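These are my notebook entries on a single structure. I set down what I looked up, topic by topic.

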Amino acid sequence: MTDLLERAGELAALDRLLADSAAGGRVAVVSGEAGAGKSTLATAFTEAAGPRAQTLWGACDPLLTPRALGPLHDIARRLGGPLRERIGHGARAEVFDLLLEALDRPPQAARPVVVLEDLHWADEATLDMVAFLGRRLALCRALLLITYREEEVGPDHRLRTVLAGLPRGLVRRVSLPPLTPAAVGELARRAGRPASEVYEVTGGNPLLVAEVLAAPAEGVPPTVRDLVLSRIAELSPQAREVAHLVSVVPTQNGFAVDRLDAVEECLDRGVLTARGPGVAFRHELLRRAVEESLSPARRAALHAEILAGHAGRAGVEPAWMVHHAHHAGDTAAVLRWAPIAARRAASLGAYRQAAAHYQRALPLLADHPAGERAALLEEYALAAYHGGLAPEAIDARRQALALRTALGDELRIGENLRWISRLSWWLGRPAEARDAGFRAVEVLEGLPPGPALAAAYSNLSQLFMLGHEGERAIGWGVRATELARRLGDLDTELHALVNIGSARTLAGETEGIGELRRAHEMAAAAGFDDHAGRALVNLASFAVDAYEMTIAEETFDRIIPFLVARDLDGYVRHLLGHRARLHLARGDWQAARDDAAEALTAPPHSGGARVSAMAVKAVLEARCDVPGGLEDALVAAEHGYPTGEAQFVCPAAVALAEAYWLAGDPERAAIEAKRGLAVAERFGHAWFTGELAFWLWRCGGLSAAPPGAATPFRLLIAGDWRGAAAFWQERDCPYARAEALAHGDGPAVAEALRVFDRLGATARARLLRAGLRERGLPVPRGTRRPAGRSPGRPCEAGLTARQREVLALLAEGLSNADIAARLTVSAKTVDHHVSAVLGKLGVSSRGRAAAAARERGLL
């Protein structure tokens with residue numbers, strides 16, 4: 001630690017975080033360029049912490065395809081016990097829970113410090129683990145220390161999404177700059193070297209400085225490659241062979257080599273360092289420099305040597321074997337290990353890594369039997385689907401279908417057609433989805449009734465439900481449930497029950513709401529989390545569409561903690577887009593922004609899943625006169641329009657019509673409103689019909705509300721602005737109420753302006769004032785926004801209504817259990833709300849939350 005110059009501030013920051021973790025978990029995010037000293041800083045910090053910390057160290061490696069949960073495997077070896085026993089066999093949820101349990105029970109007087117190095121190389125499951133820990137850190141006294149290379153993490157890297165989702169009040173970012181010339185000069189002086197020459201070559205990069213100063217004094221090698229190769233050139237042939245062998249093993253955990261004398265020479269000369277069970281280069285840059293100096297043939301031979309030496313060992317990591325098999329050019333070994341690695345990754349939720357392993361093997365199967373190729377394509381398609389790679393999944397299903405058709409395998413033909421149907425819908429192709437769905441049923445009905453046929457029936461039920469064809473959706477759903485019950489297929493039965501309840505709810509039948517709630521309870525009790533989630537996700541989104549605010553809020557409060565606890569992030573992000581619509585309607589615009597932003601952190605893909613969040617973002621920008629509203633509305637339309645479905649087309653059309661109207665282009669606004677209205681009427685959706693009819697009427701393209709338009713829009717179009725305003729007042733929708741008042745008399749218009757000003761709807765208020773001037777009427781002055789307030793941002797720190805209730809009870813000193821009893825919700829729901837409150841207030845404890853609430857006048 002004597003040469004750890006200019007890092008005292010960073011060490012002090014980490015030490016403060018460790019101390020603060022006594023009041024709840026903390027996260028340190030350490031970043032910098034390669035060689036900036038991230039590992040050195042982490043090591044110095046944990047050494048200085050001594051017995052105060054139980055350090056659990058895990059690292060990501062630059063393998064061809066990252067090993068699933070690689071860092072957790074490292075931690076499991078350190079912890080032992082149930083986590084080590086289950087890490088290779090248990091489901092992801094189980095091993096995550098075991099890790100959390102270990103963090104909750106550290107050795108006496110020690111606080112857990114989880115160090116996860118080089119997350120720029122992390123697999124999907126490891127990033128999910130970071131998100132899992134982040135959500136629970138507020139209730140866990142541990143420090144999570146993350147390192148990554150800034151230059152390796154681009155704008156679309158998922159690590160950015162994960163870091164953005166960590167509780168803001170618990171995270172401290174530490175960026176490591178290069179050393180200053182003064183620090184380099186001090187180190188050079190100690191080594192008896194000219195300081196200016198060292199700084200000129202290294203730019204202050206700590207790793208390069210250390211390597212230059214360790215090199216012979218005569219001359220300074222200009223690159224890392226020259227530095228390390230000059231050192232290796234001085235080794236004996238046997239030691240040089242060991243260094244070359246270790247250079248093709250990309251791991252920080254050390255590689256065991258049995259040539260002891262040669263290993264000792266490498267250690268003595270500083271070429272390698274002892275690490276874990278073996279030896280490794282001191283830095284990935286040094287290892288890579290040696291590896292890249294070898295000829296392709298030499299590298300392949302070394303990979304083959306490692307592969308042969310480990311092929312028969314028990315407990316070998318499959319992803320590691322795939323890496324060496326690929327680089328050795330050993331086709332048979334790739335075909336042996338890639339499917340094993342893929343299945344291991346999929347079992348741990350690292351679906352994208354699983355898909356990458358399958359992609360590695362599939363081109364090598366050209367001369368294998370058609371059935372073997374089809375089976376691997378089907379496995380790949382399933383991994384790609386779960387990994388959010390729908391285009392790749394549907395291509396693989398089509399290839400598998402062609403092979404199964406040539407083989408005459410009717411059962412697999414039907415199953416592939418059902419999957420093609422499902423994937424077509426996800427890709428925004430509803431007509432193709434129905435065609436493939438009917439073909440699947442036709443094929444499978446020619447076989448003895450089985451689970452595949454029941455699933456095909458339920459698939460059609462879901463497609464018709466999504467198309468608002470309730471009678472057909474229920475008919476196919478009943479056929480699915482009857483067959484599934486005869487077969488004892490609870491999975492398909494629950495899927496169909498959700499479809500039936502959803503169809504009835506969409507048709508306005510109140511019993512559908514109860515059916516969805518019962519389906520949720522049945523599925524949750526049986527462990528079918530996906531079905532349990534979908535039941536209430538559907539109910540919440542339908543309630544928002546119909547402005548049933550109370551049902552929507554109750555459902556959000558119930559289902560979001562359920563989804564978060566089970567890491568069903570796809571559903572969470574989809575639902576946050578709908579909750580953003582609820583906040584938008586209720587006038588809680590900062591909460592709407594927050595939810596929309598989080599919903600849009602999902603990797604972009606085709607289809608309409610992100611349209612709700614996109615539309616909210618666009619509308620807020622347009623109303624508040626923030627640049628980009630019209631452009632974002634066009635992006636929402638690009639995603640929503642091709643689907644042809646009301647749930648995606650209509651919110652995009654509403655956003656685009658409003659954005660054009662606010663931008664002063666009523667003709668284009670009318671075009672978009674008319675386009676959306678045609679879809680809304682075709683689907684029989686009263687609320688979208690009413691809202692889009694309102695926009696068309698406002699733009700002069702409609703004189704009377706169409707049949708079936710929802711009440712408040714019908715009233716306003718008919719000239720009853722008082723009735724419309726009263727309706728929105730009852731539903732607690734201030735902006736919609738102000739829109740109705742804006743069509744009224746003088747006092748009503750003045751009230752509308754006050755609401756627009758309070759909400760920060762700058763563009764809408766400006767247009768209303770301009771209209772008053774044109775009519776020669778008095779123009780009320782705008783209200784002055786308090787200092788520090790941004791447009792549309794309420795004083796409540798972005799807290800939802802329920803979160804404000806929780807904060808008030810928390811400030812009274814109530815426990816989570818007491819709050820749960822007072823609000824008649826589950827304790828888990830309260831846990832979720834408390835964590836959200838702490839994050840939004842940027843505080844770390846309940847007491848500080850109460851103090852902050854009083855200081856800001858939130859109580």
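Predicted model: local features only at pLDDT ≥ 70, side-chain atom pairs only at ≥ 80, totals over all residues.

Leaving aside its neighbours within four places in sequence, I listed its contacts as Leu83, Ile87, Val95, Phe96, Leu99 and Met129.

Entry 1: I recorded an open sheet of five strands, paired in parallel, with the order β2-β3-β4-β1-β5. Which strands lie at the edges? They are β2 (53-59) and β5 (171-175), and each of them pairs on one side only. I noted that neighbouring strands of this sheet are turned against each other by 15° on average, direction ignored.

For background, I reminded myself that the strands of a sheet pair through backbone hydrogen bonds, either parallel or antiparallel. I then examined one pair in detail. Strand β1 (residues 26-32) and strand β4 (residues 143-149) pair in the parallel sense over seven bridges. Within this pair, I found tyrosine 148 in β4 as the bridge partner of serine 31.

I next looked up helix α3 (residues 70-79), which packs on the sheet and touches β2 and β3 (111-117). The direction of α3 makes about 140° with that of β2.

Entry 2: a helix pair. I took helix α12 (residues 237-247) and helix α15 (residues 296-310), whose axes come within 9 Å and cross at roughly 80°. Angles of 65 to 115 degrees count as roughly perpendicular, so I described α12 as roughly perpendicular to α15. Where the two helices meet, Glu241, His244 and Leu245 belong to α12, while Arg298, Leu302, Glu305 and Ile306 belong to α15.

Entry 3: helix α23. Is helix α23 buried or exposed? I found 15 of its 16 residues buried, so α23 is largely enclosed by the rest of the structure. I also checked the length of α23 (residues 451-466): at 1.5 Å a residue, its 16 residues should span 22 Å. The end C-alpha atoms of α23 are 22 Å apart, which agrees. Just after α23, I noted that histidine 468 takes a positive phi of about 60°.

Definitions and conventions
Residues numbered from 1 in each chain as written. Heavy atoms only, no water. Pairing = 2+ DSSP bridges. Helix = DSSP H or I, 4+ residues; strand = E, 2+ residues; numbered from the N terminus. Axes fitted to C-alpha atoms, helices over the stretch in contact; angles between N-to-C directions. Contact = heavy atoms within 4.5 Å. Expected span 1.5 Å × (residues − 1). Buried < 20%, exposed > 50% of the residue type's maximum accessible area, 1.4 Å probe, protein only. Parallel < 35°, antiparallel > 145°, perpendicular 65-115°, else oblique.
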